[in-house]
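Here is a short tour of a two-chain model, written for someone who likes to click through residues while reading. Please keep the viewer open as you go.

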Amino acid sequence: MTTVADAPVDPTVERRRAVQQAATASLRRRRLGSRVALGLCWACLAVAVVPLVAVVAYVVAKGLPAWNLDFFTHSTTPEGIAGGGVWNAIVGTVVITTIAIAVAVPLGLTVGLFLAESDGRPAAALRFTADVMTGIPSITIGIFGYIAIVRNFGYSGLAGSFAIGFVMLPVIVRAGETAFRGVPRSLNEAAMALGARRATVARRVVVPTALPGVITGVLLAIARGLGETAPLLLTILGNEYLQWNPTKPMESLPTLIYSYSQQPFADLVQVAWGAALLLVVVVLILSIGSRVLAGRLRKERR
Amino acid sequence: MTVVDTPAAAPRPARRRWSLPDNGYRAVLAVAAAAVAALAVWFLVSMIVQARPAFSTLGFSWIVQKTWDPTHGRYGLLPFILGTFEVTAIAVVLAVPIGLGTALALAYLVPQRARAGLSTTVELLAAIPSVVYGLWGLIVLAPVFRSTVEPFLTSVLGWTGLFDGPDNGVGLLLAGVILFVMILPTMVAISRDVLAVVPNEQVEGAIALGATRWQVLRKVVVPGARSGLLGAFTLATGRALGETVAVALVIGNSPYIAHSLKSPAATIPSLIVNNFGESTGTELAVLFAAGLVLLVIGIAVNSVARWLVWSAAGSDVGAATR
C-alpha cells in the first residue's frame, strides 16, 4: 500500500478506475431498472390474460347447468314456467346470419378482388372507406337498419340481416383483399403468359390459391356478425315464439342474452348464461378454426 | 384465346383487344365496388336526413344542454356526451399502459414457443361477443364492485373526491373497466404488429452499445413504433366510444351528469338503445341526431387511427381483430 501511495498517482489509471466504477454502478442501476420494468410487462400480460380465463370460466360454469335437451329444442317460456329453451333464438340467429352471409360474402369478396387488382385513388378511397366502416359504432348501423328497412317494411329478421350484413361487409372486403394480394405475382404472370384472360386468371389461379385465406377471413367475419347485438336490438324486435319466416319479427341469441340478463328472475338469467355459453362456443370454434386454417396455409406455403 | 404466330413482330405486348369476358369481369368488379361505395353514401345520407328534424326544430343548443327530460321537451345531450367520454377515458387510461406492456411482452419477452399460444389467447378476447362481457359485468362483477372494489377504492382514494356517494356496483367505473377488458385485445394485437416492424438492426445496434433489454425497448423499439402505437390507441378509443350493449348493461343508465366514478351514468349508445322502443316524433329524431353525433365522433377517431397505423406499418396490420 505504501509503495502505491508513495508513487505519483497516474491520472490515466485514476480516470480508468473512476470510469469503471461509474460504469459498474450504472450497469447495476440499469439492470435493476430493466428487471423491474420487464417484470411490469409480464404483470401486464397476466392482467390481460386473466379476464379471458375469468369470462370463459364463468360462462362455462354458469351456462352449462342451463344446457339440457329442452334448452335446445323448446322456445322461450315466461318466468316460472319450466322446460323453456332458446330454440326460437337459435333459429333466428341462424336465419338472420345465413341471409347476411349469403349477400355480404360474395359482394365483399368481389370488392376485395377489385381492391387487390387496383391501385390508384378510387381504390385507395374505397379501401379507406371500408376500414372506417369497420370502426363505425354498431348502434348507428342499427339506426340505419331501422331507417332503411324497418320504417318501410316493419320489424323483421331481414332488417336484422341487412344490419348484420352491413357490419360484416367491410371485414370481408379487407380480409378478401389481403388474401387475394397474397397470391404470388409469378403465378398471375405465368397464367397471363399462357394467354389466359384476367377473368380466367382470377377464377382458376387467384381465387383457388387464396381460398384458405379467404375462408379464414370469412369465418372471422361470421364470428363478428354472430355476436353483434346493438344492430339487432333496433331491427328484429324479438319474438317469444318460433319463427322461421325472416319477413317477420324474430328472436336472436345476443338480443335474448341482453334482455334476459336484466331480468330480476334467476331462471331467466340462467337461460341468458346458457345462451351466452352457446354463443361463446360457436364464436370460439369459428375463430380458432380460422386460425388453424391460416396456420396450415402458412405451413404449406413454406 | 388468340394465337400469336408472329412473336418477333411484337417487341412489347400488343394492346389488349376488347373482349366480353375480360370487360365483363372488370365490369362486375367495378359494379360491386360501386355498390359498396353507394351503400356507404346511403348510410351517411340517411343518417343526416333522419337527424335533420331534430336540428330544425331544436337548433343546436340542445347538444350542450344538461337536462334530459323528454316529457317536458328538454333534450340535453351533454350528460350522455360526457358519459361517453368518461367511460372511454377510464378504459383508455387503463388499457394504454397495460396494453403496451402486454404487447412488449408478447413481441420481445415471451419465449418463442409460448408466443403464438399467448397471442392467440389474448386475441380471442376480441372474438367474444360484447353482450357476453356485459352479462359477466352485470351478474358477476357488479356485486364484487359493490361489496369489495368500491369500498376499498373509497377508503384509499376517497380524499380525491372521485369516489363520493354510495357503492352502486353498476356505474361509470364498472363500465370503464368492462370496456378496458374489451378494447385490450385490439390494442395488444395492433401494438404487437407495429412493434415487430421496428428494424432488427436498430435493436441489435442498441444491444451492442450495452443497453439493457428494457433500455432497448424503451429507447429504440417504442419510439420507432410511436405513430403506429398511437394509431392502435386511437383505434381502441374508437371502439370504446361506440360500444353499446356491454356499457348499457353495466352503467346504470341515469340521465344525469355523474359526480363521481361510482355514479350511474349513460352514454350516447346506451341512451339510444334504452329509449328507442318508446320514442316517437321529436324524441326519435333527437335519438337519430345523437346517433349522428356519435357517428361523426367515431368516423373522425377512426380516420385518424387508420391513417396513423397505415403510415406506420402498412394497411394489413391488425387484420386479426378487425
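Does N253(B) count as buried, partly exposed or exposed? N253(B) counts as partly exposed because it has 19 C-beta neighbours inside 10 Å. The cut-offs are these: a residue is buried with 20 or more other C-beta atoms within 10 Å of its own, exposed with 12 or fewer, and partly exposed in between, the C-beta atoms being placed from the backbone. N253(B) lies in the loop between α9 and α10 (268-275) of chain B, and its phi is near 50°, a positive value in a residue other than glycine.

Before going further, please note that this is a predicted model, in which local features need pLDDT of at least 70, side-chain atom pairs count only at pLDDT 80 or more, and totals for chains, interfaces and linings use all residues. Residues are numbered from 1 along each chain as its sequence is written, while chains are lettered from A and ligands numbered from 1 in the order in which they are written.

**Confidence**

The model scores ipTM 0.87 and pTM 0.86. Chain B averages a pLDDT (the predictor's confidence in each residue, from 0 to 100) of 84, and 90% of the residues score at least 70. Within chain B, confidence is lowest in helix α3 (residues 112-127), at a mean of 82, and highest in helix α9 (residues 245-250), at 92. Over residues 1-11 of chain B the pLDDT is below 50, and beyond near neighbours in sequence this stretch has two contacts in the model. Helices here are DSSP runs (H or I, at least four residues), numbered from the N terminus.

**Where the chains meet**

Two residues are in contact if their C-beta atoms, placed from the backbone, lie within 7 Å. By that rule, 73 residues of chain A are in contact with 75 residues of chain B. On the chain A side, helix α2 (residues 11-63) of chain A gives the largest share, 19 residues. That side of chain A divides into 50 nonpolar, 15 polar and eight charged residues. In this count Ala, Val, Leu, Ile, Met, Phe, Trp, Tyr, Cys and Pro are nonpolar, Asp, Glu, Lys and Arg are charged, and the others, Gly among them, are polar.

Two packed helices are described by the angle between their axes and the distance between the axes. Here axes are lines fitted to C-alpha atoms, for helices over the stretch in contact, and angles run from 0 to 180 degrees between N-to-C directions.

Helix α2 (residues 78-109) of chain B packs against helix α8 (residues 226-242) of chain B at an angle of about 145°, with their axes 9 Å apart. The residues of this contact divide into 10 nonpolar, three polar and no charged. Those on the α2(B) side include T84(B), T88(B) and A91(B), while L229(B), F233(B) and A236(B) are among those in α8(B).

The axes of α2(B) and α5(B) come within 6 Å and cross at roughly 35°. By class, this contact has 22 nonpolar, four polar and two charged residues.

**The core and some buried residues**

The largest nonpolar core has 193 residues, and among those with the most contacts inside it are I172(A), V132(B) and V250(B). Such a core is a set of buried Ala, Val, Leu, Ile, Met, Phe, Trp, Tyr and Cys residues joined through C-beta atoms within 7 Å. Helix α5 (residues 172-196) of chain B supplies the largest share of this core, 18 residues. Leaving out residues up to four places away in sequence, V250(B) touches G134(B), G137(B), L138(B), A142(B), V170(B), L174(B), A175(B) and I178(B).

| Residue | C-beta neighbours within 10 Å | Class |
|---|---|---|
| G217(A) | 28 neighbours | buried |
| L237(A) | 20 neighbours | buried |

G217(A) sits in helix α9 (residues 198-227) of chain A. Not counting residues up to four places away in sequence, G217(A) touches I172(A), A175(A), G176(A) and A179(A).

L279(A) belongs to helix α12 (residues 266-301) of chain A. With the same exclusion of residues up to four places away in sequence, L279(A) touches L226(A), G227(A), L253(A), P254(A), P129(B) and V132(B). Its C-alpha atom is separated by 9.5 Å from that of I90(A), 189 residues apart along the chain.

L237(A) is found in the loop between α10 (230-233) and α11 (253-261) of chain A. L237(A) has a positive phi of about 70° although it is not a glycine.

Conventions
Helix = DSSP H or I, 4+ residues; strand = E, 2+ residues; numbered from the N terminus.
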